[in-house]
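Hi there,

Here is the structure I promised to pass along, with some notes on its surface and its charged pairs. Please have a look at it first, then read on.

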Amino acid sequence: MLYNSYMLLTYQFKLNPTPEQVVLLETWGELLRRHWNYALGERLDWLRRTRSQVDRCSLVCEPIGEIPDKPDYYTQASILKQTKELFPEYKNIYADCQQQNLMRMDKAWKRWLIPDKKGKRGGKPRFKKRGDISSFTLERVNSPKAGAHLTGNVLKLSKIGEIEVILHRPMPDGFEIKQATILSKADGWYCSFSLEDKTVPALLPIDEIKTATGIDVGLEKFLTTADGQSIEVPQYYRKAQSTLACQQRKLARKVKGSKNYQKQSNKVARLHLHVARQRKEFHYQVAH
């Protein structure tokens with residue numbers, strides 16, 4: 001896509017971590033979840049304490065005690081060093097990941113309180129349950145102080161080690177890797193590389209465009225072109241509903257939190273992931 005006179009692409013590859021590395025990745029996600037919840041609780045506490053007017057009190061309840069300073073990204077990022085002193089396990093997490101975690105929460109907070117140009121606002125940020133944070137971002141790649149280095153098909157992560165990357169397609173020429181996001185899906189761990197090319201793409205002059213068509217997206221048909229060609233809706237989810245319902249009934253009969261429950265939950269998640277990938281592939285094929 002064209003954005004601010006440079007090209008941005010995202011390539012996603014599957015990782016092949018060792019069992020020990022999987023434990024480390026899951027531990028990072030759990031620690032980042034706790035940090036998210038603490039930072040969000042700090043902001044909500046400040047909002048609750050400063051919601052009442054100065055010259056009046058609520059009839060229901062009124063906070064007491066000293067009103068804390070307004071927390072933002074910079075104040076919360078400045079105490080990361082103190083967090084590591086109080087909780088030594090956070091020393092095992094690369095610092096950029098914690099900063100990016102706070103940036104995500106700050107964006108969600110601003111989307112909730114500050115309306116956009118159309119006057120719409122996002123939903124209230126929520127506390128994360130166990131397993132909700134399944135990704136983290138390393139802002140720098142292949143630079144001297146980066147937390148991630150990609151050499152061939154090996155991704156070296158700071159404090160985790162070298163992980164094999166399944167490069168099913170080559171990186172495009174002329175692009176620079178800006179950041180890497182490690183994420184967990186139902187069928188394993190993946191890495192999304194954000195690629196940047198600062199050269200301005202050459203636009204095709206209007207005079208050289210030989211053919212053009214109009215496309216109408218509807219409900220009965222996926223789309224219909226101006227020359228009468230139509231494409232049916234594939235209905236991937238409808239076709240998978242019976243299988244999905246059967247697997248969900250099996251999940252409901254398991255003891256919640258048990259190993260059998262986790263295995264069956266993963267089967268249900270894999271079905272949803274398969275349907276999502278079918279839709280995505282269909283969109284790419286139609287566009288091509």
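A patch here takes in residues with over 30% relative accessible area and no salt bridge, joining nonpolar side chains (Val, Leu, Ile, Met, Phe, Trp, Tyr) within 5 Å and like charges within 9 Å. The areas come from the Shrake-Rupley method with a 1.4 Å probe, and for residues only the protein chains shown count as cover. Leu 204 sits in the loop between strand 8 (188-197) and strand 9 (215-216). Helices (H or I, at least four residues) and strands (E, at least two) are DSSP runs, numbered from the N terminus. With a relative accessibility of 57%, Leu 204 counts as exposed; the classes are buried under 20% relative accessible area, exposed over 50%, and partly exposed in between (1.4 Å probe, protein chains only).

A word on the ground rules. This is a predicted model, in which local features need pLDDT of at least 70 and side-chain atom pairs count only at pLDDT 80 or more, while totals for chains, interfaces and linings use all residues. Residues are numbered from 1 along each chain as its sequence is written, and side-chain values use heavy atoms, leaving out hydrogens and water.

Now to the charges. A patch of positive charge on the surface gathers Arg 249, Lys 250, Arg 253, Lys 254, Lys 259, Lys 263 and Lys 267. Two elements give two or more residues to this positive patch, helix 5 (236-252) and helix 6 (259-287). Helix 6 gives the most, with three residues. For the bookkeeping, Lys and Arg count as positive and Asp and Glu as negative, while His and the chain ends are not counted. The place of a charge is taken as NZ of Lys, CZ of Arg, CG of Asp or CD of Glu. Arg 249 belongs to helix 5 and is partly exposed, at 49% relative accessibility.

Gln 264 is found in helix 6. Is Gln 264 buried or exposed? Gln 264 counts as buried, because its relative accessibility is 6%. Setting aside neighbours within four places in sequence, Gln 264 is in contact with Gln 247, Lys 250, Leu 251 and Lys 254, where contact means heavy atoms within 4.5 Å. Lys 250 and Lys 254 are also among the members of the positive patch.

On to the salt bridges. Side chains of opposite charge can pair when their charged atoms come close. The criterion is a side-chain nitrogen of Lys or Arg within 4 Å of a carboxyl oxygen of Asp or Glu, and the whole structure holds 11 such salt bridges. Here are some of them:

- Asp 45 and Arg 48 meet at 2.9 Å, N to O. They are three residues apart in helix 1 (residues 19-49), so about one helical turn separates them. Asp 45 is partly exposed at 26%, and Arg 48 is partly exposed at 46%.
- Asp 106 and Lys 110 meet at 3.3 Å, N to O. Both lie in helix 4, four residues apart, which is about one turn of the helix. Asp 106 counts as buried at 10% relative accessibility, whereas Lys 110 is partly exposed at 43%.
- Lys 221 and Glu 232 meet at 2.3 Å, N to O. This pair links distant parts of the chain, with Lys 221 in strand 10 (residues 221-225) and Glu 232 in strand 11 (residues 230-232), 11 residues apart. Lys 221 is partly exposed at 31%, and Glu 232 is partly exposed at 47%.

There is also a network of salt bridges linking Glu 30, Arg 33, Arg 34 and Arg 130.

Finally, some loop residues. Phi is positive in Asn 142, near 60°, and in Lys 159, near 70°; neither residue is a glycine. Asn 142 lies in the loop between strand 3 and strand 4 (148-151), and Lys 159 in the loop between strand 5 (154-157) and strand 6 (161-166). Asn 142 is partly exposed at 41%, and Lys 159 is partly exposed at 48%.

Lys 124, in the loop between helix 4 (95-113) and strand 3 (135-138), is in contact with Leu 44 and Trp 112, leaving aside neighbours within four places in sequence.
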